[in-house]
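The notes follow in the order in which I took them.

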Amino acid sequence: MSVNRRIPVLAALAAVVPLALSACGGGSDTPAQPSGPVTLTWWHNGTTDPIKSIWEKVVADYHQAHPDVTIKAQPLQNEDFNTKVPLALQSAEPPDIYQSWGAGDLASQITSGKVADITDATKPWISSAGKFAQNWQVDGKQYGVPFEQHFVGFWYRKDLFQQAGITAPPKTLDDLNAAVTKLKAAGIAPISVGGKDRWPDAFYFNYFAVRECSADVLKQSVKAVKLEDPCWTKAGQDLKNFLATQPFQTGFAGTPAQQGAGSSAGLVANGRAAMELQGDWEPGTMSSLTEDKDLDSKVGWFPFPSVAGGQGDPNAVLGGGDGFACTTRASKACADFLQYLGSEPVQTQLAAQGAGLPVNTVAAKSLKTDTLREVYDYGTKAPYLQMYFDRAFPTAVGAALNDAVANMFAGQGTPEGIVNAVNQAAAGNK
C-alpha cells in the first residue's frame, strides 16, 4: 500500500525528537533512569497490516535516528491486554511501553505503582494531541499519550444494501429495524457482531445509553461510578427490544471480532453480512481478512441512529482512542518515543494507510478514503464524545458492564440486571 503523501521520516524525526534522551524530563517522582544505551519493550495490538507494518517501520526508523535506543516490539491480540497488563504491572519487569485506552482503565492501573507520571516529559509537546490527551490524565497528571482517536458507527456493504432494496442508510432506530427486515427477506445476515469477545456487544448498550441519557447525566454517572438515572434502564430495554428482532448472524455468540475470515469483521469484508457496529479501525481490519482489493469502494458508514424520546443529543458519538503508557524503569526514553508517535510523519502514515484517525490534526488531510474523512469530520464535530464505558469506568466496573451486556445477548439478562451489575461492581471497587 503506497503512502504518496508521507513526509520523509528521518528528516522530520530529527526535528521533533531530541537526540539526547536526558533532555526529556520526567514527573517529580520519576525514579533513576538507565544511563547509556537502553532497550525498551513495547506491547501494542498491531497484529495485522496495515498497522503491523507501520509499527515495524517506526521501530527501525527510530533506532536509526537514535542508535542508543533499541525497541523490542511485542504485538498482542487486542483482547489479551485486559488480562496481560494487570498481571505485568504486578510483576518485577513490566513492559516499558504498553497500549493504553486511558480514562478509568488507566486510573486503575496507576494503583500498581508501576505506571510513570510523564507530565513534565510531555509538557513541551502534548498540545499536538489537543484536548483529547486529557483522557490519559489522572488527577491532572499525564500518564499516557494517545496516537489515534476513534469513533464508532455502522460500517455497511453498499452492494448488499442495494440488493435488499435499501436506498439510504438508516437515520432512526425504526429505519434500522426496517433495514434488518429487508436484509433478512433478501437472505442476507443483517448485522455481524463478535459476541465471543464481548466488547462488541457492549457498543450497543453504550450507544443506547448515549441516545437515552443527556450528556450531563453521562458525565455525572461516570464521575460517580453509579447508574441512578432511569435512562440507563431505558437503554437496557432498548437493547432488549433490538435483540428481539434477531438482527445478528447465526452463531454470533461464538464469533470472534477480528480474528480470521469468519470473524464479525471478516463476514462484512467477504460479503456474508451487511453491516457491523464498529470503530473506524474496521476498514483496516477488514482489508487483512479478504482478498477483495476493491473493498474500500464497496463499504460505507453511517452514525448510530437516533432513538425516539431519548434525552441524549442524536449527534453525540461513542468513541475513544488508542494510546500508550510508560512504566517507571525508562520513562524518559519512553516519553521521547511517544512524542515521535504523535509527530506528523508517523501520524501521516497512519492516516494514509487507513490504520486509524490521527490525533495530530495536520495529518488528517492524508486520510486514505472519503469515508474515513467523513467519520473523522463527524466525530471531531460531534457535540459530545462519550468514551466507551468499559474504559471510562474503573477496570473491574467496565468488565462487569461488558459481562452483564453479554448475558443479555445470550438471552439471560435484564435491563435492571445491567444497571445492578455496574453499581454492585462499583461498590466493591471502593
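I take helices (H or I, at least four residues) and strands (E, at least two) as DSSP runs, numbered from the N terminus. The model is predicted, so I hold to its cut-offs: local features need pLDDT of at least 70, side-chain atom pairs count only at pLDDT 80 or more, and totals for chains, interfaces and linings use all residues. Residues are numbered from 1 along each chain as its sequence is written, and side-chain values use heavy atoms, with hydrogens and water left out.

**Entry 1**

I looked up Pro50 and found it in the loop between β1 and α2 (51–65). The peptide bond that joins Asp49 and Pro50 is cis, with omega about 15°. Most peptide bonds are trans.

Gly46 also sits in the loop between β1 and α2. I count a residue as buried under 20% relative accessible area, exposed over 50% and partly exposed in between (1.4 Å probe, protein chains only). Gly46 has 0% relative accessibility and so counts as buried. For contacts I use heavy atoms within 4.5 Å. With neighbours within four places in sequence left aside, Gly46 is in contact with Ile51, Lys52, Trp55 and Pro75. I also checked Gly46 against Pro230: they are 184 residues apart in sequence and 39 Å apart in space, C-alpha to C-alpha.

**Entry 1: helix α3**

Which residues of helix α3 (residues 81–89) are buried? I found Phe81, Val85, Ala88 and Leu89. Down the axis of α3, these buried residues fall within an arc of 95°, so they line one face of the helix. The arc is that of the directions from the helix axis to the C-beta atoms. The buried residues of α3 pack against β1 (38–44), β3 (97–100) and α4 (103–110).

In α9, the buried residues are Val217, Leu218 and Ser221. Seen down the axis of α9, they fall within an arc of 100°, so they line one face of the helix. The face turned away from the buried side of α9 carries exposed residues, namely Asp216, Gln220 and Lys223. I traced what the buried residues of α9 pack against and found α8 (199–212), α10, β11 (385–387) and α17 (389–392).

Val225 follows α9, in the loop between α9 (215–224) and α10 (230–243). Its phi is near 50°, a positive value in a residue other than glycine. Most residues other than glycine have a negative phi.

Gln246 has a phi near 50° as well, again positive in a residue other than glycine. This residue is in the loop between α10 and α11 (264–269). Are these two residues buried or exposed? Val225 is buried, with a relative accessible area of 15%, whereas Gln246 is exposed at 59%.

**Entry 2: domains**

The chain is divided into domain 1 (38–150 + 319–387) and domain 2 (152–317 + 389–428). These bounds come from an automatic or database domain assignment. Taken over C-alpha atoms, the domain centres are 25 Å apart. I found 33 residues of domain 1 in contact with 34 residues of domain 2.

**Entry 3: cavities**

I define a cavity on a 1 Å grid over the protein atoms alone, as a set of points where a 1.4 Å probe fits but cannot get out; lining residues have an atom within 4 Å of a point. Grid points are joined across faces, edges and corners, and a volume is the space filled by probe spheres set on the points.

How many cavities of 30 Å³ or more does a search of the whole structure find? The search returns three.

The largest cavity holds about 70 Å³ of space. Its lining is Trp155, Pro283, Met286, Leu295, Asp296, Val299, Thr369 and Thr371. Of the lining, α12 (282–287) and α13 (295–298) each supply at least two residues. By class I get five nonpolar, two polar and one charged. Here Ala, Val, Leu, Ile, Met, Phe, Trp, Tyr, Cys and Pro count as nonpolar, Asp, Glu, Lys and Arg as charged, and the others, Gly among them, as polar.

The second largest cavity holds about 50 Å³. It is lined by 10 residues, of which Pro283, Gly284, Gln353, Gly354 and Lys368 are the closest to its centre. The largest share of this lining, three residues, comes from α12. Domain 1 and domain 2 each give at least three residues to the lining of the second largest cavity.

Notes
1 Å grid on protein atoms, 1.4 Å probe; cavity = no way out; pocket = protein on both sides within 12 Å on 5 of 7 lines; lining within 4 Å.
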